[in-house]
Amino acid sequence: MTGNIHSIETMGLVDGPGIRTVVFLKGCPLKCAYCHNPDTQNCGGGKSYTVSELVNFIKRYKRYYDVSGGGVTFSGGEPLLQSAFLIEAIKALKAEGIHVALDTSGYGDESYYKALLPLVDLVLLDIKHYDDLAHKKLVGKSMNGLLKFLSYLEEHKVKLWLRHVMVPGLTDSKESMDQLFHHIEKYAKLVEKIEILPYHKLGVEKYTQLGMVDPMADIPEMDTEAAKFYESYIRGLLEDSKSQDRKTISRRSAV
Ligand code: SF4
């Protein structure tokens, strides 16, 4: 079995805990207006790896994972599009004692989730928008796939880091954070971390190189400090919700 891989980054520090090898898989069912990796969207191209070729490559950096609490992160594109390959690769990595994270938007083939999710140590889930119509407009699909995926994460009690790209004029307000929180509160127990990522223009030249139109050409970058402010606001909401939950549980056990 082979996987179609766009690129591999070693010594990654942002896509999960510790030092990580990040494997970017080819293909994505979404078309996010702010995509900074449009070159990964197409299923074609890329380099073919067998499971053992990939695992042998990843294993070379194991001492870095071990000293830093790191591991490997599968990203994309949308890694769930290659779930059959992922399942085999993750089984082999777990047999080597390597921590595995999945960086996803939650749009894959549901029939693989049962076999895949119990193997994964952490999911980094990108929530694009909290309103179904706006979600469709922004990424080309309704929120149904994401909500379904969240219900599977809940069922399998998978640890979760949530991520949300904040776009100026679209989602940069407390009201937006309140609405986003409203959608995720139900899963608060699973959520270890929430990150608000400011929209940036770093991938813009890729659109020109690929002969694609950048749908966000007129939108400015998100102010980093403002994004930090909203991040601490929504983290506060999350912490309040968790501590409320803890109080309810201890009240129940005291009765
Ligand atoms: S899910 Fe990721 S790779 Fe796919 S279009 Fe959106 S930003 Fe790009």
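Analyst: A residue is near a molecule if its C-beta atom, placed from the backbone, lies within 6 Å of it. Please keep in mind throughout that this is a predicted model.

User: Which residues are around the ligand?

Analyst: The residues around the ligand are Cys28, Leu30, Lys31, Cys32, Cys35, Asn37, Thr40, Gln41, Gly76, Gly77, Glu78 and Ser105.

User: How do the residues of this shell divide into nonpolar, polar and charged?

Analyst: Six residues of the shell around the ligand are polar, four are nonpolar and two are charged. Lys and Glu count as charged, and the shell includes Lys31 and Glu78. Gly counts as polar, and both Gly76 and Gly77 are in the list.

User: What joins Gly76 and Gly77?

Analyst: Gly76 and Gly77 are joined by a cis peptide bond, whose omega is about 20°. Gly77 itself is placed in the loop between β4 and α3.

User: What makes Leu80 count as buried?

Analyst: Leu80, which also lies in the loop between β4 (71-75) and α3, has 26 C-beta neighbours inside 10 Å. A residue is buried if 20 or more other C-beta atoms lie within that distance, and Leu80 therefore counts as buried. Setting aside residues up to four places away in sequence, Leu80 touches Thr104, Tyr107 and Gly108.

User: How do you know that Leu138 is buried?

Analyst: The reasoning uses the cut-off of 20 or more: Leu138 has 22 other C-beta atoms within 10 Å, so Leu138 is buried. Leu138 lies in helix α5 (residues 132-139), and its contacts, not counting residues up to four places away in sequence, are Cys32, Ala33, Lys128 and His129. The C-alpha atoms of Leu138 and Pro215 are separated by 9.6 Å, while these residues are 77 apart along the chain.

User: What makes Lys157 exposed?

Analyst: With 11 other C-beta atoms within 10 Å, Lys157 is exposed, since the cut-off is 12 or fewer. Lys157 is placed in the loop between α6 (144-156) and β7 (160-166), and has a positive phi of about 50° although it is not a glycine.

User: What kind of crossing is made where α7 passes α9?

Analyst: The crossing of α7 with α9 is right-handed. Helix α7 (residues 174-184) packs with helix α9 (residues 224-254) at an angle of about 35°, and their axes are 10 Å apart. Lys174, Met177, Leu180 and Phe181 of α7 make the contact with Tyr230, Tyr233, Ile234 and Leu237 of α9. The residues of this contact divide into seven nonpolar, no polar and one charged.

Definitions and conventions:
Residues numbered from 1 in each chain as written. Predicted model: local features only at pLDDT ≥ 70, side-chain atom pairs only at ≥ 80, totals over all residues. Helix = DSSP H or I, 4+ residues; strand = E, 2+ residues; numbered from the N terminus. Contact = placed C-beta atoms within 7 Å. Axes fitted to C-alpha atoms, helices over the stretch in contact; angles between N-to-C directions. Left-handed = near helix turned anticlockwise from the far one by under 90°.
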